[in-house]
Amino acid sequence: MPRRMIRNLLDGRALVTASKTMSVRSACRLMTEKKIGALLVVEDGRIAGIFTERDALNKILSAALDPDATTLDQVMVRDPQTIGADKPLSYALYMMAEGGFRHVPVVDPN
């Protein structure tokens, strides 16, 4: 089986990001519209956090928080682990299994 590299899997895909001040409801609508399960929260050109469908369920819905009044800054996972685009897909899967998360931001080491 050939070694599949992350870079090859992402070719042609658009990056979808959000700001820390975006409401959770707006973020969830954006994820629904784009058919994605996570948003990178970017501040000053760097990854500040990640917001996932799991965060929406566990931190908003289960906690009975108002998604219109809650911002991503309040509920995002700060400084998430990342992986380089030059790594094999198998390494990303290993990272996610070991870390207990379903999404890992990909960064380009170049």
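The side chain of Thr70 reaches the backbone oxygen of Asp66 at 2.7 Å. That is a polar contact, by which I mean a pair of N or O atoms within 3.5 Å; within protein, one must be able to donate a hydrogen and the other to accept it, and residues adjacent in sequence count only if both atoms are side-chain atoms. This is a predicted model, in which local features need pLDDT of at least 70 and side-chain atom pairs count only at pLDDT 80 or more, while totals for chains, interfaces and linings use all residues. Residues are numbered from 1 along each chain as its sequence is written, and side-chain values use heavy atoms, with hydrogens and water left out.

Let me stay with Thr70. Thr70 sits in the loop between H3 and H4; helices (H or I, at least four residues) and strands (E, at least two) are DSSP runs, numbered from the N terminus. Is Thr70 buried or exposed? Thr70 counts as buried because its relative accessibility is 6%. The cut-offs are under 20% relative accessible area for buried, over 50% for exposed, and partly exposed in between, with a 1.4 Å probe and protein chains only. Not counting residues up to four places away in sequence, Thr70 touches Met22, Ser23, Val24, Ile60, Leu65 and Val75, where contact means heavy atoms within 4.5 Å.

Val24 lies in helix H2 and, at 1% relative accessibility, counts as buried. Leaving aside neighbours within four places in sequence, Val24 is in contact with Phe51, Ile60, Pro67, Thr70, Thr71, Leu72 and Val75. With the same exclusion of neighbours within four places, Val75 is in contact with Val24, Phe51, Asp55, Lys59, Ile60 and Thr70.

The largest nonpolar core has 15 residues, and those with the most contacts inside it are Val24, Ala27, Leu39, Phe51, Leu72 and Val75. A nonpolar core here is a set of buried Ala, Val, Leu, Ile, Met, Phe, Trp, Tyr and Cys residues joined through side-chain atoms within 4.5 Å. Two or more residues of this core come from each of helix H2 (24-34), E2, E3, H3 and helix H4 (72-75). H2 gives the largest share, four residues. Apart from this core lies another, of six residues, among them Ile6, Ala92, Met96 and Val104.

I turn to helix H5, where Met95 has its place. Met95 counts as buried, at 11% relative accessibility. Beyond neighbours within four places in sequence, Met95 is in contact with Gln81, Thr82, Ile83, Phe101 and Val104. The C-alpha atoms of Met95 and Ala63, 32 residues apart along the chain, are separated by 28 Å.

Next, the pockets. How much space lies in the largest pocket? The value is about 860 Å³. On a 1 Å grid over the protein atoms alone, a cavity is a set of points where a 1.4 Å probe fits but cannot get out, whereas a pocket is an open set with protein on both sides within 12 Å along at least five of seven lines; lining residues have an atom within 4 Å of a point. Grid points are joined across faces, edges and corners, and a volume is the space filled by probe spheres set on the points.

The largest pocket is lined by 27 residues, with Leu10, Leu15, Val104, Pro105 and Val106 nearest its centre. Helix H1 (6-10), strand E2 (38-43), strand E3 (46-52), helix H5 (89-99) and strand E6 (106-107) each give two or more residues to this lining. By type, the lining divides into 21 nonpolar, three polar and three charged residues. Ala, Val, Leu, Ile, Met, Phe, Trp, Tyr, Cys and Pro count as nonpolar, Asp, Glu, Lys and Arg as charged, and the others, Gly among them, as polar.

The second largest pocket holds about 220 Å³ of space. Its lining includes Ile50, Thr52, Arg54, Phe101 and His103, and divides into four nonpolar, four polar and four charged residues. H3 supplies the largest share of that lining, three residues. Thr52, in strand E3, is buried, with a relative accessible area of 9%.

Finally, the backbone. Asp44 has a positive phi of about 55 degrees although it is not a glycine. Asp44 lies in the loop between E2 and E3 and is exposed, with a relative accessible area of 79%.
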